[in-house]
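Subject: Handing over a structure

Dear colleague,

I am passing a structure on to you, and the notes that follow it are meant for someone who opens it for the first time. Please read them with the sequence and the structure side by side.

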Amino acid sequence: MGHSSTQHALIEQSICFYGAGSMAEAILRGLVNRSVVIPGQVTMLNRNNQDRLQYLIQRYGVTVVSNETDRDQALQQAGIIVLAMKPIDAAAALRQLSPLLKPDQLLVSVIAGLEINTIQDLLGKKQPIARTMPNTSSTIGLGATGIVYSEEVSAEQRVTVRRLFEAVGTVTEIAENQMETLTGISGSGPAYIYYMMEAMIAAGVQGGLTHEQARELTIQTAIGAAHMVQQTGEDPAELRAKVTSPNGATAAAIKVFDDHQMKQTIIRGIERCAERSQEMGAALKEELS
C-alpha cells in the first residue's frame, strides 16, 4: 500500500509490536486507517510464523522481523514498544528485553492479567509502562480500552498512549486496582451482549421467524439501542422507562426479567468475571516469578 513520504502522523515515534497476533493487528489497523502512524514507522516481531509476517507486509506495509539480531535492533530503536506476546512467553521475553531498553522507552502492555509491578520486576528496572485492557471490538475500531500508567510515564507519553487506543475506540484511564472491574464490564462485556442476542434470536425463531429474520432484527435493535444511549446522553434506565408503558407488552417482559432477578444475576456475573480475572492474574504472576 502506498504512502507519501510527506505524510504527517499524529505519533512520530517509531513503534515496535513485540508480538503480531490479532490484538496487535487490531491496534495496527486503527493506527494506519486513521493516519495516527505511517506504516514505515512500525515494526512487527514474530518468531515463527512467516506466513503471518508476509500477510502483515502486504496488508499494511509495515516492517517485519523474525531473526534475533534484527529483533534486538528494532527493539533498541523503537520509541514505543507494544508488548503483545502471549502471557506464557512474557517472562522470557521481558528478561531478554531488559538490557536493550533505554530509560525513556515507553512500554505499552496488552497482556491480560500482567500487573505493572510484575512487568517491572521481570525487567529489573522501573521502565515507563502503560498497562491496557482493550476488548475484542477494537478489531473493528469500536473498542473500549482501560489504561493504567506507572509513575514513570510522562504527560507526553500519556497523550501518546491515548492516541494509540483512541484509534480503535474509546479510552478510560483508571487505577490499577480497578482493572478487574473494568475487565468484568468492558473486557468481557461483548460476550454478555452476544449472549442476550443469542436468546433474542432463539425467541424469534421459536415465534416463527426465520433465523435470518430474527438475527437481522436483533442486530439492528442492539445497534439502535446503543446509539440511542450514546447520542441522546440519557441514562439507559430513563430510555427503558420511556418504552415501557404501564401494563403494556414491554412491561410484561421486564416483569419476567425482574421475577428471575436478571439484573442481579448480571451484576453477580460481572463480579465473578472480575474475581476470576484477579485469580488468573495472581496465577500468572506466580508462574512468571
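Helix 12 supplies the largest share of the lining of the second largest pocket, namely 8 residues. A pocket, worked out on a 1 Å grid over the protein atoms alone, is an open set of points where a 1.4 Å probe fits, with protein on both sides within 12 Å along at least five of seven lines, and its lining residues have an atom within 4 Å of a point.

Before going further, please keep in mind that this is a predicted model, in which local features need pLDDT of at least 70 and side-chain atom pairs count only at pLDDT 80 or more, while totals for chains, interfaces and linings use all residues. Residues are numbered from 1 along each chain as its sequence is written, and side-chain values use heavy atoms, with hydrogens and water left out.

The chain as a whole

The chain contains 12 helices and 8 strands, and its C-alpha trace spans about 70 × 45 × 35 Å along the principal axes. Of its 289 residues, 41% are buried, where buried means under 20% relative accessible area, exposed means over 50%, and partly exposed lies in between, for a 1.4 Å probe and protein chains only.

The second largest pocket

This pocket holds about 1,100 Å³ of space, a volume being the space filled by probe spheres set on grid points that are joined across faces, edges and corners. It is lined by 47 residues, of which Ala-84, Met-85, Lys-86, Pro-87 and Ile-111 are the closest to its centre. At least two lining residues come from each of helix 1, helix 3 (68-77), helix 4 (87-97), strand 6, helix 7 and helix 12. By type, the lining divides into 21 nonpolar, 18 polar and 8 charged residues; Ala, Val, Leu, Ile, Met, Phe, Trp, Tyr, Cys and Pro count as nonpolar, Asp, Glu, Lys and Arg as charged, and the others, Gly among them, as polar.

Salt bridges

There are 13 salt bridges in the structure, each defined as a side-chain nitrogen of Lys or Arg within 4 Å of a carboxyl oxygen of Asp or Glu. In one of them, Arg-29 meets Glu-25 at 3.5 Å, N to O, and these two residues, 4 apart in helix 1 (residues 22-33), are separated by about one helical turn. Arg-29 is partly exposed, at 22% relative accessible area, whereas Glu-25 is buried, at 7%.

Another salt bridge joins the side chains of Arg-131 and Glu-176 at 2.9 Å, N to O. This pair links distant parts of the chain, 45 residues apart, with Arg-131 in strand 6 (residues 129-133) and Glu-176 in the loop between strand 8 (169-173) and helix 7 (179-187). Arg-131 is buried, with a relative accessible area of 3%, while Glu-176 is partly exposed, with 24%.

Helix 12 (residues 262-288) carries a further pair, Arg-276 and Glu-279, which are 3 residues apart and separated by about one helical turn. Their side chains meet at 3.2 Å, N to O, and Arg-276 is partly exposed at 42%, as is Glu-279 at 36%. Both belong to a network of salt bridges that also links Arg-268, Glu-271, Arg-272 and Glu-275.

Cys-273 lies in helix 12 as well, and it is buried, with a relative accessible area of 17%.

A nonpolar patch on the surface

Met-196, Met-200, Val-256 and Phe-257 form a nonpolar patch with about 310 Å² of accessible area together. Such a patch is made of residues with over 30% relative accessible area and no salt bridge, its nonpolar side chains (Val, Leu, Ile, Met, Phe, Trp, Tyr) being joined within 5 Å, whereas like charges are joined within 9 Å; the areas come from the Shrake-Rupley method with a 1.4 Å probe, and for residues only the protein chains shown count as cover. Helix 8 (189-206) and helix 11 (249-259) each supply at least two of the patch residues. Met-200 has its place in helix 8 and is partly exposed, at 34%.

With best regards
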